[in-house]
Amino acid sequence: MGSQGHGQVQRWQDRWWAVGLLVLVVWVGIRLAFDGWSGWPGILIGGLVYAGFMTWFVMRRRRRDARAVGTDAARVPELERRIAKNGALPEDPAEQAAMIRLIRRREEKLRRNRWWAFPVLTVLFLGIPVLWFAAGNVGAGLWGLAFGAAFLGWMVWFNRRFVRRMAGMRQRIEGVGVQGGGGRPVGGAEGFAHGAR
């Protein structure tokens, strides 16, 4: 594990291969639970393709976030973890400014995607079990319905908690009057004006 910017060490869970491995294990596990061991070669190949796509997608998102907020891509997961856990503030003013910009970026994406994301996921997670019921597979339909309802409930809870923690972290950073580059407050030109997109 190499050292990253700001003297931090990147966690192994944040590396590209760990993301891909996690997606692969979850995909294969779920598919084997539903389809059984008889189709494992196809399930494994599908899992490799899906894990490759998701790894590319996650790494691309991190690089874009890093460019937008002015930090290294390897730092984005750690900043997100601190926000999600309402953890310790970064000591470096430049990193605090990057965290503010990341929070504002996440808040804007949530506002922009709120009208379509939850309805689409609801149709996906509750619609597929209906298809299973229609096909006569009651067991898979019940499992899918239970999983879909639990996942959607967890997602609503997690989203609300994350929004509260983002707002709390932003207020903590801006409230202590930390100065950004050029003597400007972090919440000003360095971190975009309040409510700016």
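**Helix packing and salt bridges**

Guide: The crossing of helices α1 and α2 is right-handed. In this predicted model, α1 and α2 (residues 40-69) pack at an angle of about 145 degrees, and their axes lie 8 Å apart. The contact between α1 and α2 is made up of 16 nonpolar, four polar and three charged residues.

Helix α1 spans residues 16-35 and includes Trp16. With a relative accessibility of 57%, Trp16 counts as exposed, because the cut-off for exposed is over 50%. Trp16 also belongs to a nonpolar patch on the surface, together with Trp12, Trp17, Leu21 and Val25. The accessible area of these residues together is about 600 Å².

The charged pairs may now be taken in turn. Side chains of opposite charge can pair when their charged atoms come close.

Another salt bridge is formed by the side chains of Arg106 and Asp65, at 2.5 Å from N to O. This pair, too, links distant parts of the chain, since Arg106 is in helix α4 (residues 93-134) and Asp65 is in helix α2, 41 residues apart. Arg106 has a relative accessible area of 7% and is therefore buried. Asp65 is likewise buried, because its relative accessible area is 1%; the cut-off for buried is under 20%.

A further pair lies within a single helix. Arg82 forms a salt bridge with Glu78, and the closest N and O atoms are 3.4 Å apart. Arg82 and Glu78 are four residues apart in helix α3, which means that about one helical turn separates them. Arg82 is buried, as is Glu78.

Beyond these individual pairs, salt bridges that share partners join several residues into one network: Arg61, Asp65, Glu80, Arg105 and Arg106. The pair of Arg106 and Asp65, which links α4 to α2, thus has both of its residues in that network.

Terms used
Residues numbered from 1 in each chain as written. Predicted model: local features only at pLDDT ≥ 70, side-chain atom pairs only at ≥ 80, totals over all residues. Heavy atoms only, no water. Patch = residues over 30% accessible without salt bridge, like charges linked within 9 Å, V, L, I, M, F, W, Y side chains within 5 Å. Areas by Shrake-Rupley, 256 points an atom, 1.4 Å probe, with all protein chains shown as cover. Salt bridge = Lys/Arg side-chain N within 4 Å of Asp/Glu carboxyl O. Helix = DSSP H or I, 4+ residues; strand = E, 2+ residues; numbered from the N terminus. Buried < 20%, exposed > 50% of the residue type's maximum accessible area, 1.4 Å probe, protein only. Axes fitted to C-alpha atoms, helices over the stretch in contact; angles between N-to-C directions. Left-handed = near helix turned anticlockwise from the far one by under 90°. Nonpolar A, V, L, I, M, F, W, Y, C, P; charged D, E, K, R; others polar.
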